[in-house]
Amino acid sequence: AYTPTDPKAIMVVQRIGDTMQPTLLDSDLLLVDTTRTTLDRADKIWTILYCGAGMIARLRPTSKGVRIICDNPTIADEVVEPGELRILGEVIGMLRRF
């Protein structure tokens, strides 16, 4: 229902930290479409590698690079060169325990 992608290409990752609060909470389970690795949709939520660390963030292409946006208002946006990050997939769904 979320994507026409082969289920073998869907990865489940556990969200850790508060960078995407209030949208995503610590320990949310995310469904990631690993076939979507090209930034062709602004402001979607992506899984990325940045500075050697895994991260979940919104990405927006700009004339100066890629803006990494965290939904937590206490964390500032950062603009990086496209080669400084690697997109692992697009977040297409979320599961949360009550």
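How many strands form the open sheet, and in what order? Seven strands form it, in the order β1-β2-β7-β3-β4-β5-β6, with antiparallel pairing.

## Basis

This is a predicted model: local features need pLDDT of at least 70, side-chain atom pairs count only at pLDDT 80 or more, and totals for chains, interfaces and linings use all residues. Residues are numbered from 1 along each chain as its sequence is written, and side-chain values use heavy atoms, leaving out hydrogens and water.

## The sheet

Strands are DSSP runs (E, at least two residues), numbered from the N terminus. Two strands pair if DSSP finds at least two bridges between them. β1 (10–14) and β6 (78–80) stand at the edges. Each has a single partner strand, so one side of each is left without a neighbour in the sheet. Neighbouring strands are turned by 45° against each other on average, direction ignored. The axes behind this angle are lines fitted to C-alpha atoms.

β3 pairs with β4 in the antiparallel sense over seven bridges. Lys 44 stands opposite Leu 59 in β4. The two strands form a hairpin with two residues between them. Cys 51 in that turn has a positive phi of about 55°. β3 also runs antiparallel to β7, joined by five bridges; here Ile 48 has Ile 87 as its bridge partner. β4 and β5 pair antiparallel over five bridges. Pro 61 has its bridge partner, Val 66, in β5.

## Cores

A nonpolar core is a set of buried Ala, Val, Leu, Ile, Met, Phe, Trp, Tyr and Cys residues joined through side-chain atoms within 4.5 Å. Buried means under 20% relative accessible area, exposed over 50%, and partly exposed in between (1.4 Å probe, protein chains only). The largest core has 10 residues, among them Trp 46, Tyr 50, Leu 59 and Ile 68. β3 (44–50), β4 (53–62), β5 (65–69) and β7 (85–95) each supply at least two of its residues. The largest share, three residues, comes from β3. Five of the seven residues in β3 are buried.

Tyr 50 is in contact (heavy atoms within 4.5 Å) with Met 55, Ile 68, Glu 78, Val 80, Glu 84 and Leu 85, leaving aside neighbours within four places in sequence. A second, separate core has seven residues, including Met 20, Leu 24, Leu 30 and Ile 45.

## Salt bridges

There are eight salt bridges in the structure. Each puts a side-chain nitrogen of Lys or Arg within 4 Å of a carboxyl oxygen of Asp or Glu. Glu 90 and Arg 36 meet at 2.7 Å, N to O. Glu 90 lies in β7 and Arg 36 in the loop between β2 (29–33) and β3, so the pair ties together parts 54 residues apart in sequence. Both residues are buried.

Arg 60 and Asp 43 also form a salt bridge, with the closest N and O atoms 2.7 Å apart. Arg 60 is partly exposed at 33% relative accessibility, and Asp 43 likewise at 30%. Lys 44 bridges to Glu 90 at 3.8 Å between the closest N and O atoms. This pair links β3 to β7, 46 residues apart in sequence. Lys 44 is partly exposed at 34%, whereas Glu 90 is buried at 3%. Salt bridges that share partners join Arg 36, Asp 40, Arg 41, Lys 44 and Glu 90 into one network.

## Cysteines

A disulfide needs two cysteine sulfur atoms within 2.5 Å. The whole structure has zero. The nearest cysteine sulfur to that of Cys 51 belongs to Cys 70, 13 Å away. Cys 51 is exposed at 66% relative accessible area, while Cys 70 is buried at 8%.

Terms used. Helix = DSSP H or I, 4+ residues; strand = E, 2+ residues; numbered from the N terminus. Axes fitted to C-alpha atoms, helices over the stretch in contact; angles between N-to-C directions.
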